[in-house]
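Please read them with the structure open.

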Amino acid sequence: MPLILIFVIVPITLAIVGIRPQISVLKFASLFEVGFLAVIGAIVVAKAPDNTLAVFNPFAWPQYSSEFAPLGGPGGALGLAMVFSITSFIGYGGSAPLGEEVEHPRQILKALSLGVFIVGAVLTEMAYAIVVGWGVNNLSTLANNPNPDVQTIPGIIVMGLYLGVIGSLGLFLVAMNSAFSDAVSMQSNAGRVYFSMARDSVIPKWFAKIHPKYHTPYRALAFIGVASSTAAIITAFSMFAANGLNPIQALTTTTANGAVLQALADTFEFLTTMALFGMVLTHFLLNTSLITLFYRLKEKHKDLFHAILHTLQHYVAPLVATGILGYALYASIWPPVFPETPAAITSIIYLAFAVGYALYLRFYKPHILTQAGKNVNLWAEEGETSVREQR
């Protein structure tokens with residue numbers, strides 16, 4: 001419970017204080033994380049006896065074909081891995097709301113491209129280090145290990161084998177740092193989305209109140225902090241109850257009890273499934289909006305090349321992305337299993353409420369939807385002035 005509050009309240013506080021302190025924390029935390037992973041990954045690769053580029057060939061080890069068969073073969077397994085790894089890049093969508101607060105929003109695209117390249121390179125290095133560090137001919141002992149901890153933290157185990165307790169502890173701390181950075185990014189983005197909706201009267205104006213000193217949407221951010229903390233704690237106690245533990249037992253029983261570990265795992269899976277639901281649905285809406293926007297613009301192309309390119313960018317790519325994400329969502333919740341299925345049902349109920357509210361606005365307050373999104377200058381809304389205006 002203290003960790004939940006730390007990972008929620010501290011990021012919310014940073015977001016309320018202002019965008020500059022928040023970005024400074026993210027910058028230094030990210031630099032440390034990327035640098036640390038790059039170094040320990042290189043050490044493991046240098047020491048590992050199984051270095052081979054065949055690791056990047058999904059068809060290199062035919063003895064594993066039977067294990068890949070239910071997933072559509074090695075190619076299918078690789079495709080699934082690529083689809084579900086999108087969660088490793090949560091936070092990049094923050095470029096949209098944060099783009100309203102900078103003087104040169106187009107610079108965000110360059111920063112994102114560089115960030116994706118650096119993070120992608122380091123993650124690839126670490127994945128390679130874990131595989132060759134474990135042993136390319138021993139991977140079945142990882143995938144089929146009866147000890148659930150082995151499948152959950154293979155990276156920490158490999159770092160312990162090659163770098164001792166410092167490597168294992170360091171990787172654990174980096175993982176916590178990554179989770180904290182994600183929390184800072186996502187909660188800040190969510191607060192600004194609430195602010196934008198309140199500014200356009202889609203939700204009560206109470207959420208659009210700006211802090212007189214920090215010029216941030218502090219009410220929206222505070223609401224998200226309280227709501228997410230409450231939801232996480234209620235979910236945890238619900239999962240303890242589902243595993244036969246009352247609140248007193250939940251607070252006093254150690255993780256040596258298997259029911260405690262299972263309850264914690266169920267809590268994580270329940271909340272992450274709901275997060276996946278939200279992320280996929282958000283991307284569905286973004287992709288649909290992109291197609292609709294360019295269809296309404298009826299853009300003109302100067303030549304056939306640009307016509308084909310823009311068709312691929314604005315219509316084909318969003319449709320393909322929607323299909324891929326849709327499959328990821330489907331495979332996450334079907335066949336029914338606890339706690340993923342209850343999480344999906346909860347998400348669908350919330351979605352039904354949101355759709356119902358949207359229909360209510362559509363039929364009874366259409367002027368609100370007509371004006372929504374017309375005013376997007378959050379910098380001006382928060383009482384700031386641009387450098388250009390100061391000059």
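**Notes on the predicted model**

1. Start with one residue. T267 touches T235, A236 and M239, leaving aside residues up to four places away in sequence. The model is a predicted one.

2. Where does T267 sit? The residue lies in helix α12, which spans residues 258-297. Is T267 buried or exposed? T267 counts as buried, because its relative accessibility is 10% and the cut-off for buried is under 20%.

3. Now a helix pair. Helix α6 covers residues 107-134, and helix α9 covers residues 154-199. Their axes come within 6 Å and cross at roughly 105°.

4. By class, the contact has 11 nonpolar residues, two polar ones and no charged ones.

5. Next, the whole chain. The secondary structure comprises 17 helices and zero strands. The protein has 391 residues, and 31% of them count as buried.

6. On contacts by sequence separation: take those between residues at least 6 apart in sequence. Of these, 70% join residues at least 24 apart.

7. Last, the surface. The protein exposes about 23100 Å². Carbon and sulfur atoms supply 71% of that area.

Note on methods: Residues numbered from 1 in each chain as written. Predicted model: local features only at pLDDT ≥ 70, side-chain atom pairs only at ≥ 80, totals over all residues. Heavy atoms only, no water. Helix = DSSP H or I, 4+ residues; strand = E, 2+ residues; numbered from the N terminus. Buried < 20%, exposed > 50% of the residue type's maximum accessible area, 1.4 Å probe, protein only. Contact = heavy atoms within 4.5 Å. Areas by Shrake-Rupley, 256 points an atom, 1.4 Å probe, with all protein chains shown as cover. Axes fitted to C-alpha atoms, helices over the stretch in contact; angles between N-to-C directions. Nonpolar A, V, L, I, M, F, W, Y, C, P; charged D, E, K, R; others polar.
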